[in-house]
Amino acid sequence: MIRRLIALLVSLYLGYILYSFVYVHFPFGERPLRGVAAHYVENGIKEEGATNIVTSIVTLYRGFDTLGEVTVLFLAATGLGLILAGMKREEEEKPEPTLIMETVTKYLFPLVLLFGSYIFIHGHLTPGGGFPAGVVIATGYFMMFIAQRSFTPSEYLLSATESFAGTLYVIVGLLGLALAFSFLDNVMPLGIPNRVFSAGIIPVIYIIIGFKVGSEMTGILLHLKEA
Amino acid sequence: MVSPVLVIALTLFLAFSIPLLHMLSKKLPPFVPPLAMLINLWILITNIKHVGEGAMLITTAGLKPPIAINLAIDKFSLFFAILIQVIGFLLSIYYLSQERKDMRFYMLFLLNILGASGIVMTGDLFNSFVFLEILEISSFGLVASGKDKKALEGGFKYMMIGAIGSSLYLLGIIVLYLSTGTLNMAHIAKLMPSIPDSVKLFSSILFLIGIGVEVELFPLNAWAPDAYHGAMDEISTQLSSIISKTGIYLAARIFLTIYGGLYATNIIFYLAITTFIIAELAALMQKNVKRMLAYSSVGQMGLLMLILSVFAKRGDVFALTTVILLALNHAFGKGLLFLSLGSLTGNTRNYDIEDLKGAGRANPVLGFLFATGVLSIIGMPIFFGFWSKISLLISIMKANLMYLLALLLLVFLVELYYYANVIVNLFKGEGKKYRIGVIPVSVMLLFALSLIVFGLWPHPVFKIAQNAAASLMERSMYISSILGGM
Amino acid sequence: MNSLILFMALGLSVVLIVGTIIIYLSKDLLVAILGSAVISLIASIFFLILQAPDVAITEAAIGAGLTTGILLYAMKKTGRYEDD
Amino acid sequence: MDAGLIFYGSAIFLMVMGVFIAITGRHLIKILLGIDVFDTGLNLLIVSFGYINGGTAPIFSKYPNIFKNVVDPVPQALVLTAIVIGVAEMAMGLAIVMQIKEKFGTCNIAKLKELKW
């Protein structure tokens, strides 16, 4: 007990040091917009055509990071599958879902998928984008696992979607390398800002990410369910 | 000219396409990693002549730094990138000999190499964090993929410390971003004089914690002996030959290039010297040979950080060359030791020193390979380790640090004692004979051969290492070649 | 930021503190997991207040939704109560 | 009322408590929860760094009207990445925990004695 108290005091003290450091050097809300951020805000729409600046940073200016991020998720899905493979499955009595649950989820499921695709298609105009959209889609599947008696998405199909979307992402990047000598360059026409068909490759990338994240997350949930 | 960004893009492409290839034929996935490494090696080697003074700039998203992410490859990063690909290639050949049902293992392996090559090639701080995460998460997976109790426990510990360490690394990046308004390494380095000292100190401590997990600095190395011990032998090789070397690269890059000389040198010095002494003493006490190798690995990393912290401030190119030579020797030597130890125990995963009795006499080839690794690590003549140790002693003597010299000689004696103990045990008494395939033996022979060849003709390696170290010291060159005339 | 929003944020931060204490003290992992979901949800409201709607959506979907889901699946496998 | 105290304070409190829970937790899932809380706190801290008084979200939905006073978009983009990385780490950790439960029969770290803790 004493050791825990000491640990608590030490960590609170470290937190206090961090707080006082942060408070002195970076006072809340008083930092001017400068450096690359100022450039993104001023020229973001002109350069990349997306009205959501965060989106254009995520997919293009720092698109290489996002490729890495997608890789991290892919890694988590594969690593989870690798580690969980060969676990004993416990057959247990599953409570039967009620009729209301079953019926409602059946009709709700397409709506959830539609909502997910809405988010990733409008990623360059409104907040959201590929990652939350993929998770919303996965949540739809999650709902179906819980509420339907015999619903199992094909693992084969999930894995194929995931893998195909990943390779497609790299190909989109390589297209930039081939056409403009720079990986992940925005080689498509920018169009008129604030329209769905604008901002060059941003919607393409977000659609790919949406599919990829959706299938990966569904795969993770499926593995955990079956473990 | 082939753009080096393809090293990352093609590796990713191949890793993503493994499930598709698996659907075509179940036999394909094992051949993907060697193919990827070969392509990467080819790309990197064709780029050697394009990397001149300063760094080579590769933009992404069609915009100049610091607006978009860029890769920055100077001779130092090229050296480490090629080292990573070579060891990755050898390991991936080694994996060909093993029957593995799960294709996901190869994906993890490939992404691990990808993370390491990403870290050494990127010119952007946050990008290095992303690749660090790729490296770490794939390492947890690889360590835990042995799926026995030890592997799982080692993997979990690594995960716990790695997760918090890398988060603090991220906080360090953010602090630098807030004070400079940019994430580009060269740009931050250029703006470094304008940052207040307290912010520098604070952020460098955060970076130290993040990198300390990778380079196994005390007290962040609690995971290391367990993960090395718990992981399969090839994975231990990967941990010691690739992952910790990437940590050294990152430490040198961040502290030397960005901060322009080690910041918080005293802290690093004391931590490194503690790591070095404690780990070597712990290795002396071990009865378990693999754990002994693990502690010796940790000690070696401590030694590398020690030399970095002592000499970085003086701008001593020769000492940095020593760091590179030691890292190279350790990468090949320890890798060889872990691999051959696995075969010497007949993959029973029982590493007790008593059980190894006579194993070297019963399997002379393996015994010879293990002995080669040991001789190179302790620095016997005609092996590469000799030259790295000699240059280490010379650089310390030149700097007139007699207490350090005395300490090092003492620790080397300790090292000599415990390694000699193992070797004597290996060749004493009767042991069991194990069958071993052609591929593992030839991979280990390649490791051993490179140690001997580098040992007999040290001049080219020395020259390459010197160039790499010199390019690390050319800080203003690095900045101006990335940012242009800005 | 007007003071009404600040006042709300203050109230939420009290909930946040209570949430972490519940995670620490609770022997029932279900309660602890739900506590972490609540913390993520409050964090996502904070993101909204801090004018970061993208992050808010992502945190709500990933931190509060998906993480809780996978934690619950894992808890089903490992047992609900912390044994001493 | 001090906005900095509320946002910085609660973010740093989450980080501190996260580390504390991770260090003192006896159950493996509790440790992972601690790391999760720590990550949430860190993300909150980073986004609070990016806030600028009176700024709006960096989304110009009324283009071509561009407001000059927007909050810093870069920390937000970085946090998006950090959140996703956090969930990936969590999934990996849970997989290891589930295997540990299967192999050891317990998730209490006091009872995991295969290697020295």
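This is a predicted model: local features need pLDDT of at least 70, side-chain atom pairs count only at pLDDT 80 or more; totals for chains, interfaces and linings use all residues.

Student: In chain A, what share of the contacts with a separation of 6 or more comes from residues 24 or more positions apart?
Tutor: 73% of them. Two residues are in contact if their C-beta atoms, placed from the backbone, lie within 7 Å.

Student: How many helices and strands are in chain A?
Tutor: Eight helices and zero strands. Both are DSSP runs numbered from the N terminus: helices are H or I with at least four residues, strands are E with at least two.

Student: Is chain A compact or spread out?
Tutor: Its radius of gyration is 22 Å, well over the 17 Å that the globule rule gives for 227 residues, so chain A is more spread out than a compact globule. The radius is taken over C-alpha atoms, and the rule is 2.2 Å times the number of residues to the power 0.38. The C-alpha atoms of chain A fill a box of roughly 60 × 60 × 35 Å along the principal axes.

Student: And what about chain B?
Tutor: Chain B has 20 helices and two strands. Its radius of gyration of 21 Å is close to the 23 Å from the globule rule for 486 residues, so chain B is as compact as a globular protein of that length. Its C-alpha box is roughly 70 × 65 × 40 Å along the principal axes.

Student: How much of chain A is buried?
Tutor: 52% of its 227 residues. For chain B, the share is 64% of 486 residues. Buried means 20 or more other C-beta atoms within 10 Å of the residue's own; exposed means 12 or fewer, and partly exposed is in between, with C-beta atoms placed from the backbone.

Student: Why call helix 3 of chain A enclosed?
Tutor: Nine of the nine residues in helix 3 (residues 53–61) of chain A are buried, so the rest of the structure largely encloses it. Among them are I53(A), T55(A) and Y61(A).

Student: What do those buried residues pack against?
Tutor: Within chain A, helix 2 (35–48), helix 4 (63–84) and helix 8. From other chains, helix 3 (53–78) of chain C and helix 3 of chain D.

Student: Switching to interfaces. How many residues meet between chains A and D?
Tutor: 48 residues of chain A are in contact with 41 residues of chain D. On the chain D side, helix 3 of chain D gives the largest share, 16 residues. That side divides into 30 nonpolar, nine polar and two charged residues. Here Ala, Val, Leu, Ile, Met, Phe, Trp, Tyr, Cys and Pro count as nonpolar, Asp, Glu, Lys and Arg as charged, and the others, Gly among them, as polar.

Student: And A with C?
Tutor: 17 residues come from chain A and 13 from chain C. Helix 6 of chain A gives the most to the chain A side, with seven residues. By class, that side has 13 nonpolar, three polar and one charged residues.

Student: How many residues are in the largest nonpolar core?
Tutor: 332. Such a core is a set of buried Ala, Val, Leu, Ile, Met, Phe, Trp, Tyr and Cys residues joined through C-beta atoms within 7 Å. Those with the most contacts inside it are A76(A), L110(B), I70(C), A88(D) and A91(D).

Student: What does A91(D) touch?
Tutor: Beyond its neighbours within four places in sequence, A91(D) contacts A76(A), L80(A), I220(A) and I70(C).

Student: Backbone check. Which phi value does E216(B) have?
Tutor: Near 60 degrees, a positive value in a residue other than glycine. E216(B) sits in the loop between helix 8 (197–214) and helix 9 (223–230) of chain B.

Student: Is E216(B) buried or exposed?
Tutor: Buried, with 30 other C-beta atoms within 10 Å. I382(B) also has a positive phi, near 65 degrees, but I382(B) counts as exposed, with 12 C-beta neighbours inside 10 Å.

Student: Last one. Where is confidence lowest in chain A?
Tutor: In helix 2 of chain A, at a mean pLDDT of 81, whereas helix 4 of chain A is highest at 89. pLDDT is the predictor's confidence in each residue, from 0 to 100. Chain A averages 84, and 96% of the residues score at least 70.

Conventions
Residues are numbered from 1 along each chain as its sequence is written. Chains are lettered from A and ligands numbered from 1 in the order in which they are written.
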